[in-house]
Each structure stands twice: as structure tokens, then as C-alpha cells.
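I opened the notebook to record what I looked up in this model. The entries go from the whole chain down to single residues.

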Amino acid sequence: MASLTDITHLILDMDGVLYRGNRPMPRLAEFFAFLRERSIPFTLVTNNGTRTPQERVVQLAGMGVRLSPSEILVSGKAAARFLRREFPAGSRVHVFGTPALRKALAEEGFTLADEDVRAVVAGLDFEITFDKIRRAVRLIRSGARFIATNMDPNLPTEGEWLPGTGAMIAMLTVASEVEPTVIGKPEPIMYELAIAQMGACPKTTAAVGDRVATDIVGGKRASLTTICVLSGASDRSEAEAAGADFIFDDIGHLLDGWRFALSARGPA
């Protein structure tokens, strides 16, 4: 049976776990101080690729948490790393998505192009047009590899639920008649990249999330210990039905449970 005392590395979801909108969760800074004190490496993993890792660093700094961009993996960056394993640097790729996605692929050494490309990498596009759709579909139907950053159907904001990446990928899939390779949660690829980034082992790595359909299902697919917090999307009944290894109200209660488990174990 999984034990909190066996965890040596952590993969953390962000929205709904660390904060909600622009409000940090209670005891957020204390939770990260505990991880630093215990020398527990972690990676913040999110399907939301609308911001770069550096922009996420700035966001969390405003909540009292100091991080490095290397401790954050967004779906666009994960897609770029995955593609770098498939194609050499300098390969031409087409981007259907935000400036953050374009930057992620450029940083991995790809040449961004609209013709004669080896892959189409698609994410959320806030400035979608018919011409963009037509171009991406034409390239995919011509043989370019179709990569989707994630399949989230919607994007929660403080005011409303916006159409998400998955809605746009569905449109490209129907029009091209080609199924994409999906990178983001709950696919194992995202977790495998995070584990490799930390030099971790799945057996002693835990995934913490608030959304059962992505965080908990994805963690299980990657053979990780799963921890569901009830501060975001899913409730206790959903977490129990999915077989989450641990369920806590929020990261503050996770912190208390972790400390209690360590004290009960005694000196290492």
C-alpha cells in the first residue's frame, strides 16, 4: 500500500491545487517550504500552456512562492520536448496556438514555418481564423505529424468557462480525418517527461491534482502514487471512485498528513 513517507518526488497540478484564480491556497508558502526542507524535488505540471514557465514563476512569486522555470512544465513545453525526441533540431514545424507555444518550440531548436513542415503542433488559439484552420488541416492531410498539446474541453477563468484546446483539436481532427498524438494529461507522456526532468522513479513519485479525469487518471496511467485534493474540480466521491491513493481537503491538510506520517515513522 502507498505511503506518504515513501514519496521522494512530486508532480503538482497548479490551478485548483496551488491557487484558485488569483488567490493562493491557504498555507501555500508553508507547503513549498516543507518540500525544500525535506529536499523533495517537484515539478509543477499543467495542461494550460497559455503562459510560459517564466510567466508562471512571476505568477507564483506574487503568491509568496519562489520557483525556477525548470521546476515548471506546461503542455506546450512538453510537446516541444516530445517532438525533439522525434525530429532533429532545425526541423520545420507549424504552430496552431499561442505565442507561448511558438516560443516553446523555437527554444527547442525547431524552425517555425507555414509550408513544407514535418509536424503541426496544435494548442489553444485565442485568435483563431478560418485561414488558420484551413492551413493546419491542409498540412496534416499532406502528411505532417499531428501533435496536440492537450484535450481539455474548456479553459476555466474567474468569470466564465472558455472553449479549451480540446474543442479546437476536435475541429482539426474532424476536418483532417487524422487522430493526433496527445501530450498533456491524462496521457502518460506528460508525466514521463516530468519524471525524466527530475531524474525520478515512478515508484516513489506522487501526482497531486484536483481533477480526477486528468490528474488522478493520468497519474495512475503513469504508475504513480495519486493524491487528490478537494480544493478544485472533483469531489470526494469522484476521487474514491477513481481509486486515488490519498484524498485531502487541500494542500494544507496534505502537509499535515505528511508530517504526521513522518513523525509516526520516527527518525530515518
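**Conventions.** I am working from a predicted model, where local features need pLDDT of at least 70, side-chain atom pairs count only at pLDDT 80 or more, and totals for chains, interfaces and linings use all residues. I number residues from 1 along each chain as its sequence is written, and side-chain values use heavy atoms, with hydrogens and water left out.

**Overall.** I looked up the secondary structure and found 10 helices and 15 strands. These are DSSP runs numbered from the N terminus: helices are H or I with at least four residues, strands are E with at least two. I then checked the radius of gyration, taken over C-alpha atoms. The rule for a globule is 2.2 Å times the number of residues to the power 0.38. For 268 residues a compact globule would come out near 18 Å, and the protein has 19 Å, which agrees. Along the principal axes, the C-alpha atoms fill a box of roughly 60 × 35 × 35 Å.

**Burial and surface.** I class a residue as buried under 20% relative accessible area, exposed over 50%, and partly exposed in between (1.4 Å probe, protein chains only). Buried residues account for 52% of the 268. The accessible surface is about 12100 Å², with 52% of that area belonging to carbon and sulfur atoms. The areas come from the Shrake-Rupley method with a 1.4 Å probe; for residues, only the protein chains shown count as cover.

**Contacts.** Contact means heavy atoms within 4.5 Å. I took the contacts between residues at least 6 apart in sequence, and 66% of them join residues at least 24 apart.

**Helix 1.** Which residues of helix 1 are buried? In this helix, residues 28-37, they are Leu 28, Phe 31, Phe 32, Phe 34 and Leu 35. They sit on the same side of helix 1, because they cover an arc of only 150° around the axis. The arc is that of the directions from the helix axis to the C-beta atoms. Their cover includes strand 1 (9-12), strand 3 (23-24), strand 4, helix 2 (53-61) and helix 10 (251-265).

**Ends of helix 1.** I checked phi on both sides. Arg 27 is in the loop between strand 3 and helix 1. Its phi is near 70°, positive in a residue other than glycine. Arg 27 is partly exposed, at 32% relative accessibility. Just after the helix, Ser 39 has a positive phi of about 55°. For reference, most residues other than glycine have a negative phi, and most peptide bonds are trans.

**Thr 43.** Thr 43 is in strand 4, residues 42-46. It counts as buried because its relative accessibility is 0%. Beyond four places in sequence, its contacts include Leu 10, Leu 12, Ile 72 and Met 198.

**Val 121.** Is Val 121 buried or exposed? Val 121 is buried, at 0% relative accessible area, and lies in strand 8, residues 119-122. Val 95 is 26 residues away in sequence, yet 5.1 Å away in space, C-alpha to C-alpha. Beyond four places in sequence, Val 121 also contacts other residues, including Leu 83, Phe 96 and Ile 147.

**Two loops.** Pro 186 is in the loop between strand 12 (181-182) and helix 7 (188-198). The peptide bond from Lys 185 to Pro 186 is cis, with omega near 10°. Ser 223 lies between helix 8 (212-221) and strand 14 (225-229). Its phi is positive, near 65°, and Ser 223 is exposed at 56% relative accessible area.
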